[in-house]
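Dear colleague,

I am handing over the structure we spoke about, and it is placed directly below. After it you will find what came out of going through it, starting with a single residue and widening from there.

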Amino acid sequence: MPYEIKKVFASLPQVERGVSKIIGGDPKGNNFLYTNGKCVILRNIDDHSRFVNCVRFSPDGNRFATASADGQIYIYDGKTGEKVCALGGSKAHDGGIYAISWSPDSTHLLSASGDKTSKIWDVNVNSVVSTFPMGSTVLDQQLGCLWQKDHLLSVSLSGYINYLDRNNPSKPLRVIKGHSKSIQCLTVHKNGGKSYIYSGSHDGHINYWDSETGENDSFAGKGHTNQVSRMTVDESGQLISCSMDDTVRYTSLTLRDYSGQGVVKLDVQPKCVAVGPGGYAVVVCIGQIVLLKDQRKCFSIDNPGYEPEVVAVHPGGDTVAVGGADGNVRLYSILGTTLKDEGKLLEAKGPVTDVAYSHDGAFLAVCDASKVVTVFSVADGYSENNVFYGHHAKIVCLAWSPDNEHFASGGMDMMVYVWTLSDPETRVKIQDAHRLHHVSSLAWLDEHTLVTTSHDASVKEWTITY
């Protein structure tokens, strides 16, 4: 009679003297299926009472271990499949066990559990050697582990990778942190002689990265509770971020600590924020444009007659460019605590997706959903300077190089182009900059170093040569 396992939660290929084996467990943990090279064997093992999450053969092939949501780890003979023991007696962990990994010499086992601990087991004597407490929050649950030579690693629900210290179980040797959700935006800033990258993700987290070493951490305290849509740094060294939680936050890049202060609550959801000198910030919201001065809302344009999408403030601080879904860029003047519509319309080739002034304020670059970047000359009354073609899909982000001669664009086609202002045909093309998802944001660390990010939750640095 044929046998079918409809769902397999754990399986392991094993090769011994050229004979392939595979072992798998069904969700209830009652049946195991494997082959010895001559026939397929179905064993009915009713030791586990809940889902089997992981099955691992010892490196020498003499034993295999199973870990389950019932908090149990069972050791079986690798040849006969007979049960040898249950680690820890009645329970190995107080929560479900999600992963196990054998030591290279097949004598010890590392386990990771939802009880927020990892453990090292001496399999021969059935005892715990070390217990690694990883924290007290839900995000500290341990979902994965690996024993690779002398390195012991575990993975937390937060996405952090922990290097476990056998000599000091209470504190990991190192914790590799990063985003576990898609990254929406980034910006860069120099602090204490070092260049840092700041990235904001879909779950509201903001991380900062040392651009030289890649070491990173998240801000302390409670911050945004929803997607971080845009970030920038003002002249006083504060990170200004807007989020889908309907707030704009001002965070000190010296303290890197959220506080109850520096939070501006908006009436509607913000999409983009840009800063200018003198404590000004302009926020584009759904159907609204808001002017902030010294962390306070001082003016707003409600129902402007088009849907604003993105915003940029001229380095001189007097002009604001707002790009709309209607394919136009409108210019506003900052007059004290108000915004005045200058009545000037700059036409893009499609719905505007990003705008950026060059650092010297001489040019305004506009990208759109029609795969085009248009550059306007500020000194010539915002006349069209040049048009740049090359992307195969919607362009979503722009950033000017500090040399004011080059700028980069990233698109839904997963490509990044670095353009030369004076010659649209002279360009650097980075194909498949992020293979899994489109480029969501980019920024320059210096004239030859570009930083990109994507919904693949990674941050990349590129060295650009012309």
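Serine 106 is buried, with a relative accessible area of 2%. Please bear in mind throughout that this is a predicted model. Although serine 106 is not a glycine, it has a positive phi of about 65°, and its place is in the loop between strand S9 (97-102) and strand S10.

Strand S10, residues 108-113, pairs in the antiparallel sense with strand S11 over five bridges, and within this pairing alanine 112 has serine 118 of S11 as its bridge partner. The hairpin formed by S10 and S11 has three residues between the strands, and there lysine 116 takes a positive phi near 75°. On its other pairing, S11 meets strand S12 (residues 127-133), again in the antiparallel sense, over six bridges, with isoleucine 120 set against serine 130 of S12 as its bridge partner. Four residues lie between the strands in the hairpin of S11 and S12, where asparagine 126 takes a positive phi near 55°.

How many of the six residues of strand S11 are buried? Six of the six residues in S11 (residues 117-122) are buried, so this strand is largely enclosed by the rest of the structure.

Valine 175 lies in strand S16, residues 174-176, and is partly exposed, with a relative accessible area of 27%. Leaving aside residues up to four places away in sequence, valine 175 touches Tyr160, Ile161 and Asn162. Between valine 175 and tyrosine 160 there are 6.5 Å in space, C-alpha to C-alpha, for a separation of 15 residues in sequence.

**An open sheet**

Four strands form an open sheet in the order S25-S26-S27-S28, with antiparallel pairing. Strand S25 (270-275) and strand S28 (296-302) stand at its edges and have a single partner strand each, so one side of each is left without a neighbour in the sheet. From one strand to the next, the twist averages 20°. The pairing of S25 with strand S26 (residues 280-285) is antiparallel and runs over five bridges, and alanine 274 stands opposite valine 282 in S26.

**The protein as a whole**

The protein has zero helices and 43 strands, and along its principal axes the C-alpha trace spans about 85 × 45 × 40 Å. Of its 466 residues, 54% are buried. Among contacts with a separation of 6 or more, 38% are accounted for by residues 24 or more positions apart.

The protein is divided into domain 1 (45-176) and domain 2 (183-463), and the centres of the two, taken over C-alpha atoms, are separated by 45 Å. Over residues 176-219 the chain is 0% helix and 59% strand, with the end C-alpha atoms 15 Å apart, while residues 388-429 are 0% helix and 62% strand, with end C-alpha atoms that lie 13 Å apart.

**Confidence**

The mean pLDDT of the protein is 90, and 90% of its residues reach 70 or more. Over residues 1-5, however, the pLDDT is below 50, and beyond near neighbours in sequence this stretch has five contacts in the model. Residues 8-13 also have a pLDDT below 50, and for that stretch the model shows 26 contacts beyond near neighbours in sequence.

With best regards

Methods: Residues numbered from 1 in each chain as written. Predicted model: local features only at pLDDT ≥ 70, side-chain atom pairs only at ≥ 80, totals over all residues. Heavy atoms only, no water. Helix = DSSP H or I, 4+ residues; strand = E, 2+ residues; numbered from the N terminus. Domains from an automatic or database assignment. Pairing = 2+ DSSP bridges. Axes fitted to C-alpha atoms, helices over the stretch in contact; angles between N-to-C directions. Buried < 20%, exposed > 50% of the residue type's maximum accessible area, 1.4 Å probe, protein only. pLDDT = per-residue confidence, 0-100. Contact = heavy atoms within 4.5 Å.
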